[in-house]
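Hello,

Here is the structure I promised to pass on. Please open it first, then read the notes below.

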Amino acid sequence: MLSLPDFALTKATVAADNGCTSLKMIFPSFCRALLLLGCLFALAARGQEDTGYTVYMIPNTHGTIAGWLVNFDTERSYVLNNHLDHLDRIASDQTATLAISEVPNVMALMKFAPQRVAEVRNLVARKRVEFVNGFFLEPTVNLSGGEALAQMGVLGLRWYEEVFGLRPRFSWMIDTCGMHRQMPQIVASCGLEALFFSRNNPMPKDSFWWVSPDGTRTLAIALGAGYSSARNLFNTAEALSHEQMRELAATLEAARSYSSSPRHVLMVAGGGDYSLAPRRPSYPAEFLEEWSRQYPGVHARMSTPGQYVDALRAEIRDGRVKLAEYGGEGAYSYNAFWMNMPEVKRDYRRAEHVLQAGELMATVSSLMRGHPYPAQPFYNSWVQMLINMDRNVLWGAGSGSPFYDSHHWNTWDRFQSVDRQAGAALQEGLTAFTAGGDGIAIFNPDNWQRHDPIVITAPPGKHPAGVECQARPGTDSAGCFLKQAATGITTVNWTAGRAPEPAISHAPPREIATRYYTARFDAKNGSLLSLKDRKSGREYLGGAANVVQAESVEGVVKDPTNWMAPRPLRKLADSTANHDAAWEVQRGPLATTVIARTGFAGGSHVERSVTFYESYPRIDFQTTVEMRARNLLVTADFPLAGKVTERTRGIPFGFAAENPDEVKTPNPHFMMGDHKTYGFSAAIQPAVRWSDYALQSGGGVSLLDRGLTSHELNASTVSLALVNAQDYYRGLDNIMLAGQGVRTFEYALWPHAGGWREEEIPRRAWEFNTPLIAAEGRGASSFPAPLSTSGNVIVEAVRRTGDDLEVRMVEWAGRAGEAEIGIQLPHLDARRTNFLGEQPKPLTGASGVYRFPVRPQQIVTLRFRVASSVPRPAAVRDWSPLVPRFKRQPLEVNEPVKGYPAITRQPTQDDFGAKSRQ
């Protein structure tokens, strides 16, 4: 019997695999035959030359946490029972192993199968089971802010330490749809050894050193065929046929061609999503025995990720394997995820900012006023934010029940809980640091002085005294410019009368002129036709802008809730350019607002409001869509004047910049199916708070958003996705996804004659997303302005942990230099650490001011020891304290379900769902 030789560089095998790629998997049977033929041809060519290698097959079951096709409680039952099925097989088969990811899965095991916890501990010690993810769960890594990802690692590692007395070694991100360049620094800052990821590996081999902008590098390991390879092995009731064994052998040879080590090949194996143990009771032992007989040169073993990494690292240490370095992005796929359900993304962004502000305020209150620091409530709030980072939740991809449900814990329950807890901390602090009075106290949690426009709601017949304001017609609020001290509280008194009212006209505006711009609109349909720099005359637009489009991919994309084709492949269904506009123009001393109301697709209506500030360069857009048409993507277009030479996007803890003409195409072997099916495109990419487009002629335009994360660039046109209004997700109802009714979207433009760094766009985007934090009935402030910093950092976290004050910040401009922080809170010493407060390096300073070097986009964690201590929050072991009382009963039930969730149609409406759409 011939053994399989070393085919790592066999051209026939690689050519066969690439041939399947070029056919875009249209003929899968032909591709399998072609791959097998290439394998056999290479076998004949190489004869008996055989160096042998080991295949590490890693069984896993892959569901979600917060619910996908079913509610939170039912989802938990499916995934728990799937894990128990694997554990049963491990008990009966000494060759079986299992990789377990995500803290909530382990919590379910502890709650409903406590008798098996000791068994799992024993299996972990024997390396037959491995807790593979140091993160609390496997999130979408591309849509949250940076601090949420930091907490994902910190709270996950602390949970395993407290509950199991161990630390997982890896970041297990095997269901990501693109990877940003700050992940290696985040993983290393958590003290983790490697980053596992799936889809769109940019490198020619499956392992490499991924380097973040600050120079931090992490071992990255890409899964070639995803997290459920060798499906036949798990799904068959009969022994694999000789032909099926040969197909598996050919698959392994193809994988070996892309393996960084010709002696060790990784295969994360399973029967698909929600994989059970092998259906055949005698597998995997029987399979391994037969495999060894047929292919003695290929040692197949059921393994854990740690065993594979140990073997790979040993080869790296002794020089047999040399890994390349890479410093860019991983290409993005499943692009509908960046545009689905913008309400989830918007509310996540707002909740992040409120929670981070609440921690800052509570820290100061505890150190300066002796208030108890609510460590456990903050921990609980972060845990709920982490659950809402679950992939399908923040992707907006799922049935309705995980998002809103009258009987089960859901996404908006968790957002509301965070709002209440953080809001209470903020109000307590505002009360503690301001005297009683008849004014309003406003807290700026950002570490720089602000003077951006804010909206203040005044008591009837009053307006803020001594503040530049302009009344907002039809409301009790005013748009105001108020100078706010860095991390400070500003108090404003009321005075009689309304703020100055704008003059209102219903005629189309001829021209809008401010200190910064002149703008012209299309008098017929409300499009923004021209936007010129007032000083230089530079035109920023290359055509009609803020045009709202209704687009269809019917007949082009089979599932637009998962995949969205780029603009050139979409079909235009309607546009506001096709409808006559009714006008309202509000001209006041501080701003001019132009409102155009038009019809839209299928009897829908659109109201576009554009506000130009007289003495502030940001241009605010508020677009309200009353959607009556179905199964359409709604976008807003901004054609730019000239070629875009650099595209920059906000990512967690930083930014990613690229020349749109030089985008790296993923390795075809690792390319995601939607790119194979529709052709690779980098047009649609996720952005966190902002994106920027540098123009060949000079200057550029920045786009700021509030939860509208899909920023698309085709040629010189930027398209911002507003809502992907699709009736169903996988045949299931989701009224939020369907996008019907009235929805309002907010975004802004910031044109600039220079570059985005000179305008400090990341800070401007942070301001745009920070909600107004205010308390009424307050007087003079005694808030101490707890910290000050140099202008090159953004502070993302200030909190108490044990006997430390923790501050986390990031260098935002991508430039090496020196940073400074001044701490006006009592402390005993200062040091730099990793995310967990480890690896301390002392800082020296005078009068509470510390200076230290920073690398480009470096994330810096500082610890300041204080005289008192706060209790360490207890690791969550039961969800009940976090759940509304009337929704706790389902948490006590483990339903007798396993495998893939049974798909059933769900109610299209319930009381909470109807309310949440408003």
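**Around Ala66**

Leaving aside residues up to four places away in sequence, Ala66 touches Phe72, Ile387, Asp390, Val393, Pro402 and Arg414. Bear in mind that this is a predicted model. Ala66 sits in the loop between strand E1 (53–59) and helix H3 (72–92). Is Ala66 buried or exposed? Its relative accessible area is 0%, so Ala66 is buried. Phe403 lies 337 residues from Ala66 along the chain, yet their C-alpha atoms are separated by 8.8 Å.

**Nonpolar cores**

The largest nonpolar core has 175 residues. Which of them touch the most other members? They are Phe136, Trp159, Met183, Phe443 and Trp879. Take Phe136 as an example. Its contacts, not counting residues up to four places away in sequence, include Trp159 and Trp879. Also among them are Met152, Leu155, Val383, Leu386 and Val876. Glu102 is another residue that Phe136 touches. There is a second, separate core of 46 residues. Phe638, Val644, Val701 and Leu749 are included in that second core.

**Salt bridges**

How many salt bridges does the structure hold? The count is 61. Side chains of opposite charge can pair when their charged atoms come close.

- Arg808 and Glu147: their side chains meet in a salt bridge at 2.9 Å, N to O. Arg808 is in strand E42 (residues 804–811) and Glu147 is in helix H6 (residues 146–164). The pair links distant parts of the chain, 661 residues apart. Arg808 and Glu147 are buried.
- Arg743 and Glu343: the closest N and O atoms of this salt bridge are 2.4 Å apart. Arg743 belongs to strand E38 (residues 741–752) and Glu343 to helix H12 (residues 342–369), so the pair ties together parts 400 residues apart in sequence. Both Arg743 and Glu343 are buried.
- Glu315 and Arg320: in this salt bridge the closest N and O atoms are 3.8 Å apart. Glu315 has 0% relative accessibility, so it counts as buried. Arg320 has 47% relative accessibility, so it counts as partly exposed.

Salt bridges that share partners join Glu147, Glu359, Arg799, Asp803, Asp804, Glu806, Arg808, Asp829, Arg831, Arg863 and Arg865. The Arg808 and Glu147 pair from the list above belongs to this network.

Best wishes

Conventions:
Residues numbered from 1 in each chain as written. Predicted model: local features only at pLDDT ≥ 70, side-chain atom pairs only at ≥ 80, totals over all residues. Heavy atoms only, no water. Salt bridge = Lys/Arg side-chain N within 4 Å of Asp/Glu carboxyl O. Helix = DSSP H or I, 4+ residues; strand = E, 2+ residues; numbered from the N terminus. Buried < 20%, exposed > 50% of the residue type's maximum accessible area, 1.4 Å probe, protein only. Core = buried A, V, L, I, M, F, W, Y, C linked by side-chain atoms within 4.5 Å. Contact = heavy atoms within 4.5 Å.
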